[in-house]
Amino acid sequence: MSHEPLRSHDLRKVYHSRGAPATTALAGVSLDVHRGERVALLGRNGAGKTTFLRIASTLLRPSSGTIEIFGFDADSEPDKARPLIAVVPQEGKPFFHLTPREQVYTYLRARGFPRETALARTGEALEKMGLSDIQDRLSITLSGGQRQRTMVATVIATEAPLLFLDEPTIGMDPFARRAVWQALRDLTAKGSTMLLTTHYLDEAEALSDRLYIIDRGRVLVQGTAEELKRTVGGTLKVTLGGAAGRAEAFRSFGECVVDGGALTVIVSPDRIGELMAIAVREKLTATVGPVTLEEAFLRFVGRSIHEDEE
Ligand SMILES: Nc1ncnc2c1ncn2[C@@H]1O[C@H](COP(=O)(O)OP(=O)(O)OP(=O)(O)O)[C@@H](O)[C@H]1O
Ligand SMILES: [Mg+2]
């Protein structure tokens, strides 16, 4: 397999629903995922992330454009692509009448793994997802987070060359989320590649080598978290309580955003002393923190929303 795990070119999808206007979910998405990478798709609700993953995982046909999985066309050669991928779908649920152990094992057997391998992998995946204690309970009796962990366990146990994970940690507690991150890192260390979506920007930052920000079916920007954060124009953000009306006084330091009664100013470290001196003089409470992916996301997506108004 010398081809890229995933390569899409000008992928478009228009949904035609009865009695409703057509919806353009993808308006020409070109992206690549390189071998061993963890890549995240970020975007608002309805941006087109799930549509992209469904087409990539051969479950939905594109309206036009191409998408290749390890060199196989996902639309015309789905049978060749399918054995190479595994998917955690958005809002997927385990079979209620199976236990986590039965679910993972049965899935591995269905994919053609021999009994011993399936058994060993099942135990390992359940352990990694912290499900060993409840592996023999019917899934209907599990909590929402435990069910989601079962879905992730099922997919990581396949050790497939390419994993698609659509909001894999939704509803999980912070410990479970970290267990998923570790399991996914371990898998890429073994040679798997993954494309995931998440609305948790800390997760995107902790987990992905590269990110694509998608909005209204288009790629707005791609890069590492560091690269995207650098575009914000500073590395620190200072939040000034009760200073919402004072943006003019701070505009020269960098981008200013009003949020409730507070004013957030993006600033470079060499001007932080100057800014804090003003805050002290004006008796404003100041909280200083690093710029995060959230600022980059708001900046790119916010700018694209405002294009409508120009
Ligand atoms: N089966 C469908 N029929 C018609 N329209 C659809 C269908 N599935 C999705 N859409 C529309 O396509 C657009 C993209 O939806 P999609 O589910 O890909 O977004 P998403 O980025 O995954 O959003 P979220 O973050 O909410 O999961 C939305 O406008 C959605 O309403
Ligand atoms: Mg979605």
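Let's start with Arg216: it counts as partly exposed, because it has 19 C-beta neighbours inside 10 Å. For the cut-offs, a residue is buried if 20 or more other C-beta atoms lie within 10 Å of its own, exposed if 12 or fewer, and partly exposed in between, with C-beta atoms placed from the backbone. Keep in mind that this is a predicted model, so local features need pLDDT of at least 70 and side-chain atom pairs count only at pLDDT 80 or more, while totals for chains, interfaces and linings use all residues. As for labels, residues are numbered from 1 along each chain as its sequence is written, and chains are lettered from A and ligands numbered from 1 in the order in which they are written.

**Overall build**
- The chain has 310 residues, and 41% of them count as buried.
- Its C-alpha trace spans about 70 × 45 × 45 Å along the principal axes.
- You'll find 11 helices and 14 strands; these are DSSP runs numbered from the N terminus, with helices being H or I of at least four residues and strands being E of at least two.
- Domain 1 covers 6-229 and domain 2 covers 233-290, with bounds from an automatic or database domain assignment.
- The C-alpha centres of domain 1 and domain 2 sit 39 Å apart.
- Take the contacts between residues at least 6 apart in sequence: 66% of them join residues at least 24 apart, where a contact means C-beta atoms, placed from the backbone, within 7 Å.

**Around ligand 1**
- The shell of ligand 1 holds 13 residues, the closest being Tyr15, Ala25, Asn45, Thr50 and Thr51; a residue is near a molecule if its C-beta atom, placed from the backbone, lies within 6 Å of it.
- Helix 1 (49-56) and strand 2 (23-33) each give at least two residues to this shell, and helix 1 has the largest share, with three.
- By type, the shell has nine polar residues, three nonpolar and one charged. Here Ala, Val, Leu, Ile, Met, Phe, Trp, Tyr, Cys and Pro are nonpolar, Asp, Glu, Lys and Arg are charged, and the others, Gly among them, are polar.

**Strand pairing**
- Strand 1 (residues 6-15) runs antiparallel to strand 2, joined by eight bridges; two strands pair if DSSP finds at least two bridges between them.
- Elsewhere, four strands form an open sheet in the order 12-13-11-14, paired antiparallel. Strand 12 (256-259) and strand 14 (286-290) are its edges, each pairing on one side only.
- In that sheet, strand 12 and strand 13 (residues 262-267) share four bridges, and Cys256 has Val265 as its partner in strand 13.

**Helix 3**
- Which residues of helix 3 (residues 100-110) are buried? They are Pro100, Arg101, Gln103, Val104, Tyr105, Tyr107 and Leu108.
- These buried residues pack against helix 4 (115-128) and helix 5 (144-156).
- Gly112, with a positive phi near 100°, follows helix 3.

- Arg216 is a non-glycine residue with a positive phi near 45°, in the loop between strand 9 (210-215) and strand 10 (218-223).
- Asp10 isn't a glycine either, yet its phi is positive at about 50°; Asp10 belongs to strand 1.
- Asp10 counts as partly exposed because it has 14 C-beta neighbours inside 10 Å.

Note on methods:
Contact = placed C-beta atoms within 7 Å.
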